Amino acid sequence: EMLKPSVDVSAKAVQFASIKLVKSDENEAILSFRGVDQSGALSRAAQEIFNLNLSVKWARVHTWGRQIDDVFCVKPTPDIATSVQKLVERLCPPSAR
């Protein structure tokens, strides 16, 4: 049986102000998840990346005050832009789309 990362139920309510594809080339795609610091943000972002079958190479968490920028490096795919759009639809409020 395949193990999935577990997500706290409260993490389902996590939203980000923006999710952007910062860089993409043949070696890596860099995704930035920005918003207000909230419980479960990192795990929610990681869960949705996992749900899209993207492979995380590394992650960095940046926090300043109440703001966060969770940055993930994933293995690039031909449809990475579509994956980013799905992340935005799932994790950003309608006003941020």
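Let's start with Lys23: with a relative accessibility of 36%, Lys23 counts as partly exposed, where buried means under 20% relative accessible area, exposed over 50%, and partly exposed in between, using a 1.4 Å probe and protein chains only. Its partner is Asp25, and the two form a salt bridge whose closest N and O atoms are 3.5 Å apart. By salt bridge I mean a side-chain nitrogen of Lys or Arg within 4 Å of a carboxyl oxygen of Asp or Glu. Asp25 is partly exposed too, at 27% relative accessible area.

A quick word on what you are looking at. This is a predicted model, in which local features need pLDDT of at least 70, side-chain atom pairs count only at pLDDT 80 or more, and totals for chains, interfaces and linings use all residues. Residues are numbered from 1 along each chain as its sequence is written, and side-chain values use heavy atoms, with hydrogens and water left out.

Now the overall layout. The chain has 2 helices and 4 strands; these are DSSP runs, helices being H or I with at least four residues and strands being E with at least two, numbered from the N terminus.

How many salt bridges does the structure hold? There are 5, so let me show you some others, keeping in mind the definition of a side-chain nitrogen and a carboxyl oxygen. Asp69 and Arg34 meet through their side chains, at 3.3 Å from N to O. That pair links distant parts of the chain, since Asp69 sits in strand β4 (residues 67-74) and Arg34 in strand β2 (residues 29-36), 35 residues apart. Is Asp69 buried or exposed? Asp69 counts as buried, at 8% relative accessibility, while Arg34 is partly exposed at 39%.

Next comes Glu48, which forms a salt bridge with Arg90, the closest N and O atoms being 3.1 Å apart. Here the link is between helices: Glu48 belongs to α1 (residues 41-51) and Arg90 to α2 (residues 80-91), 42 residues apart. Glu48 is buried, with 5% relative accessibility, and Arg90 is partly exposed, with 40%. Back where we began, salt bridges that share partners join Lys23, Asp25 and Glu28 into one network.

Let's turn to the strands. Strand β1 (residues 18-24) pairs with β2 in the antiparallel sense over 6 bridges, and pairing here requires that DSSP finds at least two bridges between the strands. The two form a hairpin, with 4 residues between them. Find Ser18 on your screen, and opposite it in β2 stands Arg34, the residue that also bridges to Asp69.

For background, most residues other than glycine have a negative phi. You will find Asn53 in the loop between α1 and β3 (56-64), and Asn53 counts as exposed, at 68% relative accessibility.

To finish, some whole-chain numbers. Buried residues make up 35% of the 97 residues in the chain. Of the contacts with a separation of 6 or more, 66% come from residues 24 or more positions apart, a contact being heavy atoms within 4.5 Å. The accessible surface of the chain comes to about 5,900 Å², and 52% of that belongs to carbon and sulfur atoms; the areas come from the Shrake-Rupley method with a 1.4 Å probe, and for residues only the protein chains shown count as cover.
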